[in-house]
Amino acid sequence: MQRDPGHTSDVGARRRRPSTTVVPCRLAIARHIRRAPFCVALTVLVLAVAPPTRSQSSGTWERLGPDGGEISTVHPDPHSPETLWVGTWGGNVYRSGDRGSTWELAGDGLEAAVIYDLAGPQAAGGVLIAATDRGIYRLDEQSRTWQRATVTGSETEIVVRVAVDPVRSGRMYATVSLGVTAGVYRIARSDDSGLNWNVLEADGLYYDYAMAIAPTDPPTLYVSSFGRVRRSTDGGETWQDSAQVPVIVLDWSELLVDPHDPQVLYASVRSLSDSVLRSEDGGQTWIAAGSGLPDDAFDPQTLAVWPNAPGRLLLGHRYQGLFASDDAGQSWSAVAGVTDPEPSGIGPVAVSSDGLTAFAALDRSGAAPLRRAPPTLDAWQALGDGITASSVVGLAPRSTVPGEWLASTGDRRVVRTTDDGATWQASHDGIEGFSFGRLTRSPDDDSIVYLPARSSVLPVTMQVYRSSDAGVGWTRIGEGLPCCGNEVVVDPFDPLRLRMATWDDLVESTDGGATWQTSQQSWLNSSAQLAASPHQQGLLVAGTSRDSGLPVSPPQLIGEIRRSTDGGQSWQLVFDDVGSTAAGFWELVFDPEVPGAVYGAYAGLVVGAVVRSLDGGATWERLPLPDIGPLYSVTVGSPPGSEQVFPRRVLVGTRDRGVWFSDDGANWAPLEPPPPAQLANQLVVDPADDGALWMASSGGGVLRYRGLPPTTACEPTEFSLCLLDRFEVAVVWADGSGAQHVASLSPISRNTAGFWFFTPDNLELAIKIVDGRWLNGHHWLYYGALSDVAYEILVLDHLTGEINRYENLAGQLASFGDIEAFPEPELGPAAASPQSSRAGRRGALREAASSAVAAPSASRAGLATASAGNGIPTPEPLRLGRFEVLVSWYNGPVGGFAAPQAFNSTSGAFWIFQEGSLDVFLKILDGTVINGRHWLFVGALTDVGLEIQITDTADGSVRHYSSAPGEPRSFVDIELF
């Protein structure tokens with residue numbers, strides 16, 4: 001960050017007010033320069049480079065698939081046997097009107113990541129209720145739009161169960177989390193079909209939240225809590241407890257009322273023994289039912305009751321398949337033919353309201369997530385046409401073959417497309433595992449792909465798989481590695497060197513995965529992310545988090561970044577965001593085109609942030625970001641019509657606020673419209689189409705955005721230079737005859753430009769722009785001149801479209817500073833509060849800069865004559881032929897020497913605060929043929945106090961020049977030596 005003092009004056013120049021429109025030939029130097037044909041060319045130049053007011057997106061999202069995904073709940077419509085609703089773990093609801101043969105998204109407006117439960121409608125065509133991680137949503141089938149209904153008033157409330165009263169119209173119940181204390185739930189009631197809710201004054205329900213309503217008189221509400229079931233007959237105002245159940249219940253999965261006898265209840269539970277319980281007296285006493293079921297009852301079971309066959313039940317087992325009972329759960333038999341091979345994990349089960357169709361959702365199912373069968377439970381059919389609910393973990397385009405992509409999903413699939421997402425094929429032969437991580441292509445051969453996978457048995461370990469044919473077939477190359485890693489990182493300089501950050505350690509292979517070693521890095525944990533620099537061999541960064549140690553709930557985590565320059569042998573803590581809450585890193589990425597640039601995205605419960613380093617991870621800054629919640633992905637890429645400029649476009653994926661982008665790291669805007677799925681696991685700019693962004697979503701499959709807006713970053717022309725990759729600068733000057741010319745360009749650094757008027761070795765003007773937003777919300781402009789010709793400086797801000805013009809009249813040798821040159825637009829960081837006057841602002845800025853700069857204290861005289869003898873080291877001088885130049889600076893009690901930078905044998909510059917950001921610009925010319933003397937020209941691009949010492953090494957003569965703080969000066973001495 002630039003730290004130039006901000007005290008300026010208007011010496012030698014007048015600032016023209018900025019204009020956002022270009023008036024042809026209306027130049028500030030018109031009084032002194034005749035209008036010439038070039039004026040037309042300049043006007044065309046400025047008009048050609050002026051961008052829109054700001055970069056806006058107006059693209060479209062499209063769902064690319066793959067079909068399938070994970071279904072969290074199956075809900076047959078109680079009034080229409082043909083209608084079926086399913087909710088997904090990705091936060092969407094799908095509707096079928098033909099018993100599951102085809103599907104469509106059920107309305108717009110859902111902003112949830114998980115659908116836990118569905119209930120209703122109470123009457124045909126009524127309101128459907130969804131319990132989600134964002135509270136209650138209501139769907140009116142007439143409007144086909146979801147609307148959120150707040151239960152507790154908290155934005156973080158979680159509703160896990162809903163139930164509709166079968167007797168009282170409009171009454172329904174929900175179990176809702178208090179939001180801040182994990183595992184504690186309350187019962188809420190609505191009497192107006194879910195529009196308004198009241199939390200009932202009942203004891204908390206801890207960890208268990210199953211709920212059912214019996215159509216008794218009055219209706220009886222049942223809820224589970226630990227090893228008991230509670231009931232209420234007065235709408236939840238008072239409660240009675242049942243007796244303890246006969247097994248140790250760890251969790252209640254389902255609580256159902258038998259439609260043939262309201263006194264009969266069934267419960268599927270997570271326990272150490274039996275998994276099905278039955279009560280025949282309204283929950284007063286319970287018996288275990290379950291002969292014929294697997295011994296493994298540890299995981300939650302899903303249960304359904306047949307509506308037209310008393311005592312007939314369905315039970316889904318997460319690992320062992322589907323089971324049926326015809327005697328009220330006393331005995332069970334396995335149902336064959338649901339999947340192939342058998343058995344397979346089963347998720348939610350349901351039976352249509354007329355009893356003619358049974359449904360079973362597959363756990364981590366693949367392309368067809370639902371199965372359908374007649375009452376005989378044979379002839380099972382695979383369903384899912386139109387359901388795109390896969391949680392895509394990672395995307396890997398093939399750069400050498402346009403249109404070819406691989407995707408890994410949360411339901412244990414790898415899929416491949418060769419036609420840009422139009423069709424997908426399963427591509428995971430040879431891979432086994434409970435869950436997959438991201439895909440990584442080798443940097444020197446994109447047909448080689450790596451994939452980590454977690455085991456499904458205890459103890460949980462990692463395996464690594466390798467494909468040598470672009471993902472068609474896979475071979476295990478590593479197994480039994482520490483759990484759990486998300487991505488294999490291939491060394492850009494040595495493709496046989498693989499690394500992976502796990503929860504427990506950093507593992508590495510130097511032989512392409514044949515053997516692996518651990519490095520005993522105890523600081524790694526569950527949020528570990530790893531990235532390797534493509535520009536510097538051995539440079540790694542790793543993001544983790546640590547517990548703050550504060551006695552708060554939930555625990556407060558601190559985001560950390562560590563850096564290694566020796567390939568992971570040693571690590572240094574370089575970032576410790578002590579101001580964050582519940583932060584864990586989700587992605588770190590090096591810019592593949594810009595050396596030193598690396599970005600990180602991390603997320604907490606409700607907050608997120610983006611961090612950036614421009615020096616290879618040695619130092620980091622937290623970028624200003626709107627309140628858009630947790631971030632789960634970050635990428636960089638060049639948008640359409642741009643070269644590889646820096647800073648390039650940064651895109652971040654959020655949990656439920658879509659995708660946001662920035663062209664300068666400070667100003668952010670959302671991609672419009674937002675994506676139809678919420679949580680963005682990964683973002684990838686299409687290598688074959690830089691106007692397309694691919695998104696791996698959690699619960700919405702792969703999505704593609706077409707129409708990324710053009711960059712607001714500056715691109716230079718033959719007439720102009722770019723500063724900070726945002727500000728385009730051009731200079732027009734007039735010669736002695738009044739003819740106009742465009743100044744020739746001489747790039748100096750990222751924020752400083754040089755211009756010459758007559759010969760390339762004779763620079764006449766230097767301009768720099770510094771980032772002063774840290775003090776007053778503006779970018780600042782300084783210029784210093786070594787010529788007194790008439791000229792005008794035009795500066796175009798490519799982010800806002802604003803044009804500033806600065807004029808110098810003939811005969812003036814001017815330096816100038818403008819600390820309010822370019823204010824930030826609305827999305828930028830808040831500007832500092834304005835002072836009462838310009839002088840007041842100058843004083844405040846100078847005081848702030850003085851306190852921010854760490855430099856040894858010295859007097860004005862001491863700085864000008866400093867030497868090794870008085871304890872202040874003398875730097876290397878700037879050598880211009882036989883002359884040596886030293887420059888020192890001061891601002892109140894702080895100061896130091898400026899560092900030299902030579903251009904040629906006659907001209908050079910000095911920088912004070914940051915290398916490349918020039919502050920003093922000078923040249924020494926041989927004028928002896930005119931007056932027998934050498935001539936000195938000095939232009940200041942800062943307003944700190946300056947002391948300039950010039951030594952003629954021919955005879956040891958010394959000259960001194962001074963300027964006080966607050967007076968940026970350009971001056972000439974034609975009698976130097």
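Is tyrosine 602 buried or exposed? In this predicted model, where local features need pLDDT of at least 70, side-chain atom pairs count only at pLDDT 80 or more, and totals for chains, interfaces and linings use all residues, tyrosine 602 has a relative accessibility of 2% and therefore counts as buried (under 20% relative accessible area, with exposed meaning over 50% and partly exposed in between, for a 1.4 Å probe and protein chains only). Residues are numbered from 1 along each chain as its sequence is written, and side-chain values use heavy atoms, with hydrogens and water left out.

Rings of Phe, Tyr and Trp (its six-membered ring) pair if their centres lie within 6.5 Å, and their planes count as stacked when under 30 degrees apart, as edge-to-face when over 60, and as tilted otherwise. By this rule there are 18 aromatic pairs. In one of them the centres of phenylalanine 585 and tyrosine 602 are 4.7 Å apart and the planes stand at 50 degrees, so the pair is tilted. Phenylalanine 585 belongs to strand β51 (residues 584–590) and tyrosine 602 to strand β52 (residues 598–603), 17 residues apart; strands are DSSP runs of E with at least two residues, numbered from the N terminus. Phenylalanine 585 is buried, at 1% relative accessible area.

Phenylalanine 903 and phenylalanine 921 also form a tilted pair, with 6.2 Å between centres and 55 degrees between planes. Phenylalanine 903 is partly exposed at 27%, whereas phenylalanine 921 is buried at 1%.

Elsewhere, ring pairs join Trp733, Phe757, Phe758, Tyr783, Tyr791, Tyr806 and Phe816 into a cluster.

Key
Helix = DSSP H or I, 4+ residues; strand = E, 2+ residues; numbered from the N terminus.
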